[in-house]
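Here is a short walk through one model.

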Amino acid sequence: SYLAPVRGDFKAVCSMPDQESWNKFFNILSKKGKARIKLKAFICENGKLCVDYTGTFAAICISNFEVP
């Protein structure tokens, strides 16, 4: 949700998903060449929470890919 406008310098942070979700994402990506993962992020300005966001992001491989 957008809680307040961001008008100056800000800090954006995206939380690392749990290990099981991360592993599943890379396994599907390496097998199918595409995968989705849900990520949570927030933006703060001067210590005040302005944006709290959760979204599903997609990745598509365009070349050979190896799981890190």
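This is a predicted model: local features need pLDDT of at least 70, side-chain atom pairs count only at pLDDT 80 or more; totals for chains, interfaces and linings use all residues.

Buried means under 20% relative accessible area, exposed over 50%, partly exposed in between (1.4 Å probe, protein chains only). Helices (H or I, at least four residues) and strands (E, at least two) are DSSP runs, numbered from the N terminus. Phe25 touches Ala35, Arg36, Ile37 and Ala59, leaving out residues up to four places away in sequence. Contact here means heavy atoms within 4.5 Å.

Local features need pLDDT of at least 70, side-chain atom pairs count only at pLDDT 80 or more, and totals for chains, interfaces and linings use all residues. Residues are numbered from 1 along each chain as its sequence is written, and side-chain values use heavy atoms, without hydrogens and water.

Now the cysteines. The whole structure holds zero disulfides (a disulfide is a pair of cysteine sulfur atoms within 2.5 Å). For Cys14, the nearest cysteine sulfur is that of Cys44, 14 Å away. For Cys44, it is that of Cys50, 6.8 Å away.

Glu45 lies in strand β2. Glu45 is buried yet has no salt bridge (a side-chain nitrogen of Lys or Arg within 4 Å of a carboxyl oxygen of Asp or Glu). The nearest side chain of opposite charge, Arg7, is 6.8 Å away; Lys and Arg count as positive and Asp and Glu as negative, with His and the chain ends not counted. A polar atom of the Glu45 side chain lies 2.7 Å from the backbone nitrogen of Gly8.

Technical notes
A polar contact is a pair of N or O atoms within 3.5 Å; within protein, one must be able to donate a hydrogen and the other to accept it, and residues adjacent in sequence count only if both atoms are side-chain atoms.
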